[in-house]
Amino acid sequence: MSILIYTENFEGKFKKSTFELASYGNEIAKRTGTEVVAITIGKVSIDALNELGKYGVQKVLVVKNSELNDFSVKAYSVAIEQAAKAVKAEVIIFGNNPSGRAIAPNISVKLNAGLAPGVVDLPSSIKPFTVRKKAYSGKVTVDFVISTDIKVLTLTQNSYKVIESETEISISNFDVNIPAGLYNAKPIKTVMNTGKLSVTDADVLVSGGRGLKGPENWKMVEEMAEILNAATCCSRPVSDLEWRPHHEHVGQTGKVVAPDLYIALGISGAVQHLAGVNGSKVIVAINTDADAPIFEAADYGIIGDVLDVVPKLNTALRQFKGK
Amino acid sequence: MKALVCIGHVPDTTSKIKFTNNNTKFDSTDIQYIIGPYEELALTRLLEIGGLHITVVNVGQKETETTLRKALAMGANDAVRVDAEPTDAMFVAKQIAEVFKIGNYDLVVTGKESIDYNGGQVDGMIAGFLDIDSVSGASKFEIINDKAVIEREIDGGREIIEAKFPFVTSAGKGFAHEPKIPNMRGIMMARRKKLKIMPAFEQEQATKTGTFYLPDAKPKCKMVQADNVQELVTLLHEEAKII
Ligand SMILES: Cc1cc2nc3c(=O)[nH]c(=O)nc-3n(C[C@H](O)[C@H](O)[C@H](O)COP(=O)(O)OP(=O)(O)OC[C@H]3O[C@@H](n4cnc5c(N)ncnc54)[C@H](O)[C@@H]3O)c2cc1C
């Protein structure tokens, strides 16, 4: 019996979210008296693999197969399914990110396993297996019960902390048997966003709304992001107006985020916006309108003109950070 | 070419969410139901591409037919309602996979996620049942000859995928620019279009929802004077311990 986690690597490296997965898996393993096994596909350095042991992973299965050089949901699912069977996985955990969201449902059908997508906390009970997830566009959370023998989860980023738990780790190759040309959907090109931290990886987000008046005023937003080591994002109208790129759009129809700190500049706080950001641990809002709904969601607020307050705040933050 | 578009029947995005039965059941009184916004984009894009026979499908009870009629008014050719309570994602996916097989479709498009349960899992499950590939969260979609070219967001960027039929894809932001609004003629025609009702196929329930929790009332927002930004920095450091 085991807990299997899919540790996706990004050009051979793991991200913080991978260690969140390992820590989360480790806690379930402790409660169920099983072990955490990680599966990784492709080339990862031995140092990076060993690092998984820091967070409680006992075994790593490294899969190398030319049929997996390109991402295909079908081919990747076959590989993970074979590993899950080999290690008798009872719980299989993915990150709730684009690839995890794509593979988990497929695996769930293949193994006749119930799937809980976007889990935000440890199981409140193992029997029956009950986890908490968001529902109704983040407006509520719900207890979600999986009744099948095998359970599949996708874990929401930044909802579980990284916990060190040094463990003896064994690393081995795992051979999978994948028929050639299994996929009918094949990536032909990948375009990475230039530069900085991505919206879903950042612990701090500085977000701009229509209150900033125009793209020419984003310098101060970027400056604040630079000081706080944050990523920039925006409300939907801002991306619709093409003031900012679409991948920065957060909210119900954009990215759903849960940073430690979310700073909303000139954002009214419409329900659809809040649905995507209300998982943030701390929300700061700056808005000229004292009645803007964003202040109901915020922890700290300033009533004022962003064009006037933000530069002053940047100076104070810079001083504080000693930058 | 034949496309199957899954249509969610979901509460309007501005709905105030309430529950009954000790917070275990969604309270649908005074709720306006709409086509899921992503499904609306999916249908819009396929109509823009043109030349496809489009069937819209929903797994649900009689009340979802108004939503299917709206999709017909937008321009879908016909509709199927699988007559069942959509108990969980696996059940819904199984129904759609069966409808797909019976109708010999080339393509299934779902929304990226339902805005009620926020699963984002039905597309992948349909692909699992049909043993075909899937592309989730598509932000652009073209059909070029006998292939589809699909763009989707990945962590930190985007990828362009070439897909051979048949496959499943789920529509996210960008799939179409603006949802198509049905015109009068569309609404009139929709009344005469075929809406077929099918009995459900068997599939065991794998998951269920228990108690719903509304967020705790947030403590009141602490206000800081606009001319005292230093205080905000101090609060974030000392009280929130976040910087
Ligand atoms: C189906 C659907 C889905 C949607 N999905 C999303 C989504 O995913 N994300 C999203 O963001 N929106 C979404 N929306 C749109 C949402 O309803 C709002 O229209 C949008 O969030 C408003 O963006 P905003 O706050 O930037 O602009 P506005 O609502 O125009 O607010 C601007 C704010 O700036 C303040 N302001 C103006 N000038 C200044 C100044 N100088 N200094 C400080 N403050 C100032 C104003 O008081 C106001 O509160 C969706 C809508 C629908 C119908």
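**View 1. Pro166(B) sits in the loop between strand 11 and strand 12 (167-171) of chain B.** Here's a cis bond in the predicted model: the peptide link from Phe165(B) to Pro166(B) is cis, with omega near -5°. Most residues other than glycine have a negative phi, and most peptide bonds are trans. Helices (H or I, at least four residues) and strands (E, at least two) are DSSP runs, numbered from the N terminus. A word on the bookkeeping: this is a predicted model, where local features need pLDDT of at least 70 and side-chain atom pairs count only at pLDDT 80 or more, while totals for chains, interfaces and linings use all residues. Residues are numbered from 1 along each chain as its sequence is written, chains are lettered from A and ligands numbered from 1 in the order in which they are written, and side-chain values use heavy atoms, with hydrogens and water left out.

**View 2. Chain A has a cis bond too, joining Lys127(A) and Pro128(A).** Omega is about -5° for this one. Look for Pro128(A) in the loop between strand 5 (114-119) and strand 6 (129-135) of chain A.

**View 3. The loop between strand 1 and helix 1 of chain A holds Glu11(A).** Phi of Glu11(A) is near 50°, a positive value in a residue other than glycine. Lys15(A) forms a salt bridge with Asp201(A), with the closest N and O atoms 2.8 Å apart; the term covers a side-chain nitrogen of Lys or Arg within 4 Å of a carboxyl oxygen of Asp or Glu. Lys15(A) lies in the loop between strand 1 (2-6) and helix 1 (16-32) of chain A, and Asp201(A) in the loop between strand 10 (185-192) and strand 11 (204-208) of chain A, so the pair ties together parts that are 186 residues apart in sequence.

**View 4. Chain B meets chain A, with 75 residues of chain B in contact (heavy atoms within 4.5 Å) with 84 residues of chain A.** About 6,900 Å² is buried between the two chains, and carbon and sulfur atoms give 58% of that; buried area is the accessible area (1.4 Å probe) that two parts lose on being put together, summed over both. Asp133(B), Asp155(B) and Lys173(B) supply 11% of the area that chain B buries against chain A, more than any other three residues.

**View 5. Four salt bridges are counted between chain B and chain A.** In one of them, the side chains of Lys218(B) and Asp299(A) meet at 3.2 Å, N to O. The side of chain B that touches chain A divides into 36 nonpolar, 22 polar and 17 charged residues; here Ala, Val, Leu, Ile, Met, Phe, Trp, Tyr, Cys and Pro count as nonpolar, Asp, Glu, Lys and Arg as charged, and the others, Gly among them, as polar.

**View 6. Strand 7 (residues 140-146) of chain A runs antiparallel to strand 14 of chain B.** Five bridges join these strands, and two strands pair if DSSP finds at least two bridges between them. The bridge partner of Val145(A) is Lys208(B), in strand 14 of chain B.

**View 7. Domain 1 (2-173) and domain 2 (204-322) make up the domain assignment of chain A.** The bounds come from an automatic or database domain assignment. The C-alpha centres of these domains lie 32 Å apart. Lys134(A), Ser137(A) and Asn158(A) supply 69% of the area that domain 1 of chain A buries against domain 2 of chain A, more than any other three residues.
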